[in-house]
Amino acid sequence: MTDPLTAIADRLRATRRSAGGEALSEVVVIPALREAIVSNLLAPGERLTEVTLAARLNVSRTPIREAFAQLEREGLVTIVPRAAVFVREVSERDVEETYTVRAALESLAVELATKRRSAMAALRLDEVLAEMGEAAAKNDAVIYTDALDRFYATIMSLSENVTLHATHTTLLGPVRRLRRIAMSQPGRMEASFRQSLKIRDAIVEGNANGPQLMREQLANACHAAKEVLRAGH
């Protein structure tokens, strides 16, 4: 049976071949380990070693070491100097802090996107919402959260604020992890999709309540993530 982590790396290698000369750590190793942590394939508290991961990803130890440094910056691993690397545990405080920052950034993005609304913006939002709707109908949380990533990325892009977008990007590792956690709560996916449709309508129609709708979306997601943690995720 194929190692799931190896399978992720093989898929990313196919992307790398078309991406040109980008570093192996950037295109394969970091994304593979990030996805494994976000999807709980590498569990909170699990010890990570360069030798084992290098063998599973079929790379040398150097890109693994580079990946550890990046994933620590993203808040996904904890490096204990001269000792070990561990998948970072998720606490309720982590959830609170991350969603507080998200609410500030993403409500502002909705406000700016609403001011810059256009027919093209509506088409871009509708395209990703169609993917979200299909995934929700199939109760596929993995595909849904991937599409939800793109929904938020689209709103950031529509805000046309480079600094805001760049700041938001620094949160993506923890955000994706918490999003997967929140979606494991029964009914959360459907509620998320319904609220996303409301946010889309506010942006496209120029309604000033868009930022509040986004804050409500994130407050509900925060609550769901904390409930899952309390239940022993």
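Student: How far apart are the closest N and O atoms in the salt bridge of Arg34 with Glu74?
Tutor: In this predicted model, a side-chain nitrogen of Arg must come within 4 Å of a carboxyl oxygen of Glu for a salt bridge to be assigned. Arg34 and Glu74 meet that condition, their closest N and O atoms being 2.6 Å apart.

Student: Which parts of the chain does the pair of Arg34 and Glu74 tie together?
Tutor: Arg34 belongs to helix H2, and Glu74 is in the loop between helix H4 (61–73) and strand E2 (77–80). The two residues are 40 residues apart in sequence, so the pair ties together helix H2 and the loop between H4 and E2.

Student: Is Arg34 buried or exposed?
Tutor: Buried means under 20% relative accessible area. Because its relative accessible area is 18%, Arg34 is buried.

Student: Which helices does the salt bridge between Asp149 and Arg179 tie together?
Tutor: The closest N and O atoms of Asp149 and Arg179 are 2.0 Å apart, and both residues are buried.

Student: Which residues are linked with Glu35 in a network of salt bridges?
Tutor: The structure holds 20 salt bridges. Side chains of opposite charge can pair when their charged atoms come close. In the network that includes Glu35, the linked residues are Asp146 and Arg180.

Student: What geometry does the aromatic pair of Phe151 and Tyr152 have?
Tutor: The structure holds 1 aromatic pair. The rings of Phe151 and Tyr152 lie 5.8 Å centre to centre, with 65° between the planes. Planes over 60 degrees apart count as edge-to-face, so the geometry of Phe151 and Tyr152 is edge-to-face.

Student: Which residue lies over the face of Tyr152?
Tutor: Tyr152 counts as buried, at 4% relative accessibility, and Phe151 is buried at 0%. At 5.0 Å from the ring centre of Tyr152, the residue over its face is Arg102.

Student: How many charged residues are in the lining of the largest pocket?
Tutor: The largest pocket has a volume of about 690 Å³ and is lined by 27 residues, with Arg34, Glu35 and Asp149 among those nearest its centre. Helices H2, H7 and H9 are among the helices that each supply at least two lining residues. By class, the lining has 11 nonpolar and 5 polar residues, and the number of charged residues is 11.

Student: Which element gives the most to the lining of the second largest pocket?
Tutor: The second largest pocket holds about 230 Å³ of space. Its lining has 14 residues, and those closest to the centre include Arg88 and Asp94. H5 (92–115) and H9 each give two or more residues to this lining. With 4 residues, the element that gives the most is H5.

Note on methods: Residues are numbered from 1 along each chain as its sequence is written. This is a predicted model: local features need pLDDT of at least 70, side-chain atom pairs count only at pLDDT 80 or more; totals for chains, interfaces and linings use all residues. Side-chain values use heavy atoms; hydrogens and water are left out. On a 1 Å grid over the protein atoms alone, a cavity is a set of points where a 1.4 Å probe fits but cannot get out, and a pocket is an open set with protein on both sides within 12 Å along at least five of seven lines; lining residues have an atom within 4 Å of a point. Grid points are joined across faces, edges and corners, and a volume is the space filled by probe spheres set on the points. Ala, Val, Leu, Ile, Met, Phe, Trp, Tyr, Cys and Pro count as nonpolar, Asp, Glu, Lys and Arg as charged, and the others, Gly among them, as polar. Rings of Phe, Tyr and Trp (its six-membered ring) pair if their centres lie within 6.5 Å; planes under 30 degrees apart count as stacked, over 60 as edge-to-face and the rest as tilted. Buried means under 20% relative accessible area, exposed over 50%, partly exposed in between (1.4 Å probe, protein chains only). A charge sits over a ring if NZ of Lys or CZ of Arg is within 6 Å of the ring centre and within 35 degrees of the ring normal.
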